[in-house]
Amino acid sequence: MLNVFILEDDLVQLQQMKNDVDKIGTDLGIEINSKTFSNISDLKNDLPQPSRSNIFILDLEINEIKNAGLELSKKIRAHDQFASLIFITIHDEFLYRTYKYRVSALDFIAKDYGNIYDELQKDIQQVYKQLQTNNTEKPFTYKDYTHTIKIDFMNINYFESNPTNSHSAILNTVNNHQQQLNYNLREIEKLDGRFFRAHRSYLVNLKQIRKLDFRKGIIYFYNDETVPVSKLRLRKLLKMSNVQND
């Protein structure tokens, strides 16, 4: 079951968002317990136990304070490092602040784009998929000089070659974060055989692929990031991943 906490000070929009979340649960066959809040203090007083099953959908502007949702997200993240945070607002210029505040937002959805339901559905599906596999997937482990680093396998979308350093690669997460590793792609392949070389410059996590555009040679991940796949690798990728083929 997923626990979804929705913060929105416009009561009409709050109810619509709850309706959307409940319908998504029905459409995807996922049990969802949704709770609504129209002010920050009520949500603060009702924070749940930390869990990967928790999803917080937060309006950035509450009571005409433009960064109220972001300030609250810092408190939520301090309380629950496992929860997924989704921001919804009409203010696109706040996008960069989700990273400035380092709360590892899952998504940022603009109200005026008119695709809130579709975006929420993809986000909720991604969280549920991660829950189903987290208990069985071992973390990706590597050594950084004298330290052993472990990263949640289901938080990795892909690795890409570092164009400025052939001896390193860049890890890209489902939360749109990047991290440089002192390993090239070939070394990462040897380190962990669960990743697939889709292209000479990309090593992908098969479990995070949402669909494959066979004609254009493009891989789509659950967070809508894309990477190319070489023609020679297309058919093998289809067999290994069992993803939707457009």
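Predicted model: local features only at pLDDT ≥ 70, side-chain atom pairs only at ≥ 80, totals over all residues.
I went for the rings first: Phe140, Tyr142, Phe153, Phe159, Tyr183 and Phe195 form one aromatic cluster. My pairing rule takes rings of Phe, Tyr and Trp (its six-membered ring) with centres within 6.5 Å; planes under 30 degrees apart are stacked, over 60 edge-to-face, and the rest tilted.

Numbering starts from 1 along each chain as its sequence is written, and side-chain values use heavy atoms, with hydrogens and water left out.

**Ring pairs**

I looked up the pair count and got ten aromatic pairs in the structure. I then checked tyrosine 158 with phenylalanine 221: the ring centres are 5.4 Å apart and the planes at 20°, so I log the pair as stacked. The two sit in distant parts of the chain, 63 residues apart, with tyrosine 158 in strand β8 (residues 156-161) and phenylalanine 221 in strand β14 (residues 218-221). Strands here are DSSP E runs of at least two residues, and helices are H or I runs of at least four, both numbered from the N terminus. Tyrosine 158 and phenylalanine 221 are both buried (under 20% relative accessible area with a 1.4 Å probe, protein chains only; exposed is over 50%, partly exposed in between).

**Charges over rings**

I searched for NZ of Lys or CZ of Arg within 6 Å of a ring centre and within 35 degrees of the ring normal. Arginine 194 lies over the face of phenylalanine 153, at 3.9 Å from the ring centre. Lysine 211 does likewise over tyrosine 220, at 4.8 Å.

**The sheet**

I traced an open sheet of five strands, ordered β10-β9-β8-β12-β11, with antiparallel pairing (two strands pair if DSSP finds at least two bridges between them). Its edge strands, β10 (178-181) and β11 (195-199), each pair on one side only. Strand β9 (residues 169-173) pairs with β10 over four bridges, in the antiparallel sense. Within this stretch I found asparagine 172 opposite glutamine 178 in β10.

**Whole chain**

I counted seven helices and 16 strands in the protein chain. Of its 246 residues, 48% count as buried. For contacts (heavy atoms within 4.5 Å) with a separation of 6 or more, residues 24 or more positions apart account for 54%.
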